[in-house]
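Please read the numbered points with the sequence and the model side by side.

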Amino acid sequence: MGLSELIASYGDKYLQGLLATWSMTAVSFIFVMALAVLVTVARVSPYRPLRLVGDLYVQVFRNIPGVALLIIVAYALPELRIVLDWRTCVIVTTILLGSAFGSENFMSGINTIGVGQIEAARSLGLSFTQIIRRIVIPQALRTTVLPMTNLLIAVMLTTALGSQVPLNPQELTGVVSYINTRETGGILTFLISALCYAASAFVISFVGNRVDRRVRIIR
């Protein structure tokens, strides 16, 4: 099957797949950022149990293969009477994986904050919560724009796990599987999907670089 025939026959499928990928990426990344912040706050908390929980969370989900985690979420949770639809399973898996790496990015950002700023805040009588909310998180967010841009791209690529479950509409990798089970698409089916991912990643990188130049903290 040639490129023009492939586009004519399955162009709408690719478009649906691209939109599904963008949709899952957007939803996942919102929760990735929120959960990554919460985990990071726990990891720098003055309370040791919270620090242990935060560190354990990162170590566990940073080191589990995505497919293995998806199998647990999709097939093991129903044994505990927790039944999620397929799309939610992929999103939950992506969030758990992405937030672990996101927390590491935030920790790197926190490490760039001068100790003097924290000591000054304490001398002014600010509580831990106030220091985190007014000093730590704003600066960590500004210094981790580029790492978080890379994380957003990684989240988008992680949604390809959706090809392992029956999604409707299918994401980009699932579209390739769909076509190749019905036609002899060959390498072209993968090439179109790869170009869609690459174009999306290029746009994300471009926007991320522009944002970074605007909010970067010059030290």
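This is a predicted model: local features need pLDDT of at least 70, side-chain atom pairs count only at pLDDT 80 or more; totals for chains, interfaces and linings use all residues.

1. Helix α1 covers residues 3-43 and helix α7 covers residues 145-158; they pack with their axes 9 Å apart, at an angle of about 130°.

2. Side chains of opposite charge can pair when their charged atoms come close. Across the whole structure, a search finds four salt bridges. Arg43, Asp55, Arg62 and Glu104 are linked in a network of such bridges.

3. Arg43 forms a salt bridge with Glu104, and their closest N and O atoms are 2.7 Å apart. This pair links distant parts of the chain, since Arg43 belongs to helix α1 and Glu104 to helix α4 (residues 86-110), 61 residues apart. With a relative accessible area of 13%, Arg43 is buried, whereas Glu104 is partly exposed at 25%.

4. Glu104 also forms a salt bridge with Arg62, again with the closest N and O atoms 2.7 Å apart. Arg62 is placed in the loop between α2 (48-61) and α3 (66-76), while Glu104 is in helix α4, so the pair ties together parts that are 42 residues apart in sequence. Arg62 is partly exposed, its relative accessible area being 27%.

5. A further salt bridge joins the side chains of Arg216 and Asp212, at 2.5 Å from N to O. Is Asp212 buried or exposed? Asp212 has a relative accessible area of 5% and is buried, because buried means under 20%.

6. The last point concerns the surface. Which residues form a nonpolar patch there? The patch consists of Phe202, Val203, Phe206, Val207 and Val211, which together have about 480 Å² of accessible area. Phe202 is located in helix α9, which spans residues 187-215. Phe202 has a relative accessible area of 60% and counts as exposed, because the cut-off for that term is over 50%.

Note on methods
Residues are numbered from 1 along each chain as its sequence is written. Side-chain values use heavy atoms; hydrogens and water are left out. Patches are made of residues with over 30% relative accessible area and no salt bridge: like charges are joined within 9 Å, nonpolar side chains (Val, Leu, Ile, Met, Phe, Trp, Tyr) within 5 Å. Accessible areas come from the Shrake-Rupley method with a 1.4 Å probe; for residues, only the protein chains shown count as cover. Helices (H or I, at least four residues) and strands (E, at least two) are DSSP runs, numbered from the N terminus. Buried means under 20% relative accessible area, exposed over 50%, partly exposed in between (1.4 Å probe, protein chains only). Axes are lines fitted to C-alpha atoms, for helices over the stretch in contact, and angles run from 0 to 180 degrees between N-to-C directions.
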